[in-house]
Protein chains: 4
Amino acid sequence: MARTPLNTDEINAALHELPGWSFAGDALTKSFTFADFQEAVGFMVRLAFHAEALDHHPSLHNVYNRVEIALNTHDAGNKVTEMDVKLAKAIEALT
Amino acid sequence: MARTPLNTDEINAALHELPGWSFAGDALTKSFTFADFQEAVGFMVRLAFHAEALDHHPSLHNVYNRVEIALNTHDAGNKVTEMDVKLAKAIEALT
Amino acid sequence: MARTPLNTDEINAALHELPGWSFAGDALTKSFTFADFQEAVGFMVRLAFHAEALDHHPSLHNVYNRVEIALNTHDAGNKVTEMDVKLAKAIEALT
Amino acid sequence: MARTPLNTDEINAALHELPGWSFAGDALTKSFTFADFQEAVGFMVRLAFHAEALDHHPSLHNVYNRVEIALNTHDAGNKVTEMDVKLAKAIEALT
């Protein structure tokens, strides 16, 4: 099911298709660096549409031109699920 | 001065450096087409930062993946001024 | 059906629940005025989420602190349908 | 000067005018909670205009309807300066 925690093999298989993403702190994480703050904000706005479409929301941390993303699933005890993999793939498609 | 109407030669010279822009209806205009609505919105948000930075604001018309821009200067009797050329160049740099 | 043109009585009934909206040019329209450009952009971004959620997109025209919205349905020959009423209600809920 | 670290008395005086803000981790901090993710994103976009206008950028952390802000000044050894107080006041004016 979409909100069942993935096991280590499943997470590793997902990371194989997600360049630059890591598994850390029980989350899928990636840090993006943009040309400036405006591009970072533009990225977060476009990302927000995908989060709403999936009804699945990231942890976003922005300072100037950097955006650090951490994804896990609240309803699955803050473990990584298929929803996080879906959102990570949607985020990758933006860049 | 930045808010003095440009003459025809000045407008033509500016258009020479602004591919895809036209002079129509006393404004500098261009129509942008994006992959989808989300990209169009992301573009308008990034454009908005430049409009604020210049304190000069476009006419924006958005339907789905299209954004039509018209630029002229209210304080110059809605004629094209150097401010419009600056904003057009800033917009071009976004795409 | 959601994408069948509404008749005049249906449009009038809808307008009764949509203060400030009009029927003009075969569309539901309203002009919003905000404190400044930044508030207008913030409004358009929040509106964009609802447009995406409904997969139904407005005609937006922004100049500085004004946003003019026109709603009709491309797939219904650019007539007003129930989708436009839904989007208008979602927009009203933002303000 | 705007980018000189404030002393404890100056920080306390600033906090007196900034309801809900704290001094923690060498930063001015506040956590905002909105109705939903869309409102949180709308807030971050409007905040971003002020950050650009001041050329001073916050640390933003967003999860769903919460936005945690931390403000200090990179050029002042990550101490709180007058710039952070200005940005905090601009943020307050948004809500």
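Let's start where two chains face each other: in this predicted model, Leu60(A) stands opposite Asn62(D), a residue of β3(D). Zoom out from that pair and you will see the strands around it. β3(A) and strand β3 of chain D, residues 59-63, pair in the antiparallel sense over five bridges.

What else brings these chains into contact? In total, 15 residues of chain A are in contact with 15 residues of chain D. On the chain A side, α2 (37-54) and β3 (59-63) each supply at least two of the residues that touch chain D. α2(A) gives the most, with eight residues. Sorted by class, this side of chain A has nine nonpolar, five polar and one charged residues. Of the interface residues of chain A, 100% are also interface residues in chain D, so the copies meet through the same surface.

Now try turning one chain onto the other. Two copies of a chain are related by a rotation about an axis and a shift along it.

Six residues of chain C are in contact with six residues of chain D. The side of chain C that touches chain D has three nonpolar, two polar and one charged residues.

Next, look at a single chain. Chain A has three helices and four strands, and from the N terminus on its elements run α-β-β-α-β-β-α. Its radius of gyration is 13 Å, close to the 12 Å that the globule rule gives for 95 residues, so chain A is as compact as a globular protein of that length. The C-alpha trace of chain A spans about 35 × 25 × 20 Å along its principal axes. Among contacts in chain A with a separation of 6 or more, 65% link residues 24 or more positions apart.

Finally, look inside. In chain A, 37% of the 95 residues count as buried. In soluble globular proteins, nonpolar side chains tend to be buried together. The largest nonpolar core in this model has 96 residues, and those with the most contacts inside it are Met44(A), Met44(B), Met44(C) and Met44(D). Leaving aside residues up to four places away in sequence, Met44(B) touches Leu60(B), Asn62(B), Val67(B) and Met44(C).

Definitions and conventions. Residues are numbered from 1 along each chain as its sequence is written. Chains are lettered from A and ligands numbered from 1 in the order in which they are written. This is a predicted model: local features need pLDDT of at least 70, side-chain atom pairs count only at pLDDT 80 or more; totals for chains, interfaces and linings use all residues. Two residues are in contact if their C-beta atoms, placed from the backbone, lie within 7 Å. Ala, Val, Leu, Ile, Met, Phe, Trp, Tyr, Cys and Pro count as nonpolar, Asp, Glu, Lys and Arg as charged, and the others, Gly among them, as polar. Two strands pair if DSSP finds at least two bridges between them. A nonpolar core is a set of buried Ala, Val, Leu, Ile, Met, Phe, Trp, Tyr and Cys residues joined through C-beta atoms within 7 Å. A residue is buried if 20 or more other C-beta atoms lie within 10 Å of its own, exposed if 12 or fewer, and partly exposed in between; C-beta atoms are placed from the backbone. The radius of gyration is taken over C-alpha atoms; the globule rule is 2.2 Å times the number of residues to the power 0.38.
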